[in-house]
Amino acid sequence: MKQLDPGWRPKLVALDLDGTVVNYGPAGTQPSLAVAAAVGRVIDAGVPVVVATGRAVRDAVETAVALGIHGVELVCTNGAVVYDAEVDEITHRVTVDVAPAAAALAARIPDAVFAAERDPDGFLTTDGFHREFTLGRQEVVDLATLVSEPVVRLVCVRPGWDVAQMAVIAQEVLDPAQYSWDLGFSAWLDVQAAGVSKATGTAMVCADLGVDAADVLAIGDGTNDIELFKWAGWAVAMGQARSVVQDAADEVTDPVELDGCATALSRWFP
């Protein structure tokens with residue numbers, strides 16, 4: 001495990017949203033007063049705070065605003081989209097042809113439902129797909145239309161399945177040379193271009209701001225934070241995170257319901 005230089009202080013903070021600054025679920029848009037205050041201290045110190053989330057742009061902006069983040073890019077869609085909220089503009093995006101992935105998944109899971117994210121305004125979905133977040137436009141189409149052009153993310157859900165069941169199929173049918181993928185706390189499978197992660201998206205923001213990876217503090221709780229943890233100078237896992245996430249971090253803070261994000265930030269920004 002890395003040893004932290006006593007004089008180290010982050011020059012950029014990358015924060016996951018769900019399970020880190022807000023609790024899980026569709027209602028999780030407003031951070032606690034303690035977390036908002038801690039993020040405010042970071043911003044007041046002149047250190048950029050970047051959201052690094054699996055949420056789509058329109059699902060992330062409200063929480064970013066509630067945190068007091070202005071004029072700094074948001075890393076969304078697990079790193080496939082970087083968005084500048086100040087000018088309402090996508091600054092970076094990585095798309096991929098998801099037709100082969102959708103065909104392979106549909107063949108193995110005939111009753112799966114799908115969505116394709118066409119940033120920043122919404123999703124195309126097949127009939128029966130229920131979004132975990134409901135901001136932005138949603139249009140129901142057939143699967144052929146949904147995969148007819150490259151997108152930043154394909155989502156596959158099989159109602160009633162758990163994470164382990166979906167992971168088995170994803171490992172079997174998704175070529176890592178073509179796709180990266182992740183599963184959250186539900187059996188919601190995100191499929192993106194190979195190599196895309198929160199780390200690659202945050203690296204784009206750091207390049208824009210002139211910040212080195214070694215100077216980045218990352219805080220998160222999901223498996224989609226693991227690549228970010230490996231890349232950042234110092235990584236903090238939330239207390240309720242799975243063991244595989246905690247093992248990838250440099251330290252573990254309190255769980256989200258005890259404002260662990262605020263506790264971690266207070267180490268450098270009291």
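Guide: A nonpolar core is a set of buried Ala, Val, Leu, Ile, Met, Phe, Trp, Tyr and Cys residues joined through side-chain atoms within 4.5 Å. Buried means under 20% relative accessible area with a 1.4 Å probe and protein chains only, exposed means over 50%, and partly exposed is in between. The model is predicted: local features need pLDDT of at least 70, side-chain atom pairs need 80 or more, and totals for chains, interfaces and linings use all residues. Residues are numbered from 1 along each chain as its sequence is written, and side-chain values use heavy atoms, without hydrogens and water.

Visitor: How many residues does the largest nonpolar core have?

Guide: Val13, Leu154, Leu189, Leu217, Ile219 and Leu265 have the most contacts inside this core. The largest nonpolar core has 85 residues.

Visitor: How many residues are in the other core that lies apart from it?

Guide: Among the members of this other core are Ala56, Phe123, Phe129 and Trp188. The number of residues in this core, which lies apart from the largest one, is 8.

Visitor: Which residues is Leu217 in contact with, leaving aside its neighbours within four places in sequence?

Guide: Contact means heavy atoms within 4.5 Å. Leu217 is one of the residues with the most contacts inside the largest core. With neighbours within four places in sequence left aside, its contacts are Trp8, Pro10, Leu12, Val13, Ala14, Trp234, Val236, Leu265 and Trp268.

Visitor: Is Arg153 buried or exposed?

Guide: Arg153 is found in strand 9, residues 153-157; strands are DSSP runs of E of at least two residues, numbered from the N terminus. Arg153 has a relative accessible area of 3%, so the class is buried.

Visitor: Which side chain makes a polar contact with the side chain of Arg153?

Guide: A polar contact is a pair of N or O atoms within 3.5 Å; within protein, one must be able to donate a hydrogen and the other to accept it, and residues adjacent in sequence count only if both atoms are side-chain atoms. A polar atom of the Arg153 side chain lies 2.7 Å from the backbone oxygen of Gly54. Away from its neighbours within four places in sequence, Arg153 is in contact with residues including Gly54, Asn78, Phe123 and Asp190. The side chain in polar contact with that of Arg153, at 3.2 Å, belongs to Asp190.

Visitor: Which backbone oxygen does the side chain of Ser180 reach at 2.8 Å?

Guide: Ser180 sits in strand 10, residues 179-183, and counts as buried because its relative accessibility is 15%. Its contacts beyond four places in sequence include Asp190, Ala193 and Val196. A polar atom of the Ser180 side chain lies 3.3 Å from the backbone oxygen of Val196. At 2.8 Å, the Ser180 side chain reaches the backbone oxygen of Ala193.

Visitor: What is the phi of Asn78?

Guide: Asn78 is found in the loop between strand 3 (74-76) and strand 4. It counts as buried, at 4% relative accessibility. Although Asn78 is not a glycine, its phi is positive, at about 55°.

Visitor: What is the relative accessibility of Asp88?

Guide: Asp88 lies in the loop between strand 4 and strand 5. Its phi is near 55°, a positive value in a residue other than glycine. Asp88 counts as partly exposed because its relative accessibility is 44%.

Visitor: What distance separates the C-alpha atoms of Glu86 and Ser32?

Guide: Glu86 is in the loop between strand 4 (81-84) and strand 5 (89-93). Its relative accessibility is 63%, so Glu86 counts as exposed. Glu86 and Ser32 are 54 residues apart along the chain, and their C-alpha atoms are separated by 24 Å.

Note on methods. Helix = DSSP H or I, 4+ residues; strand = E, 2+ residues; numbered from the N terminus.
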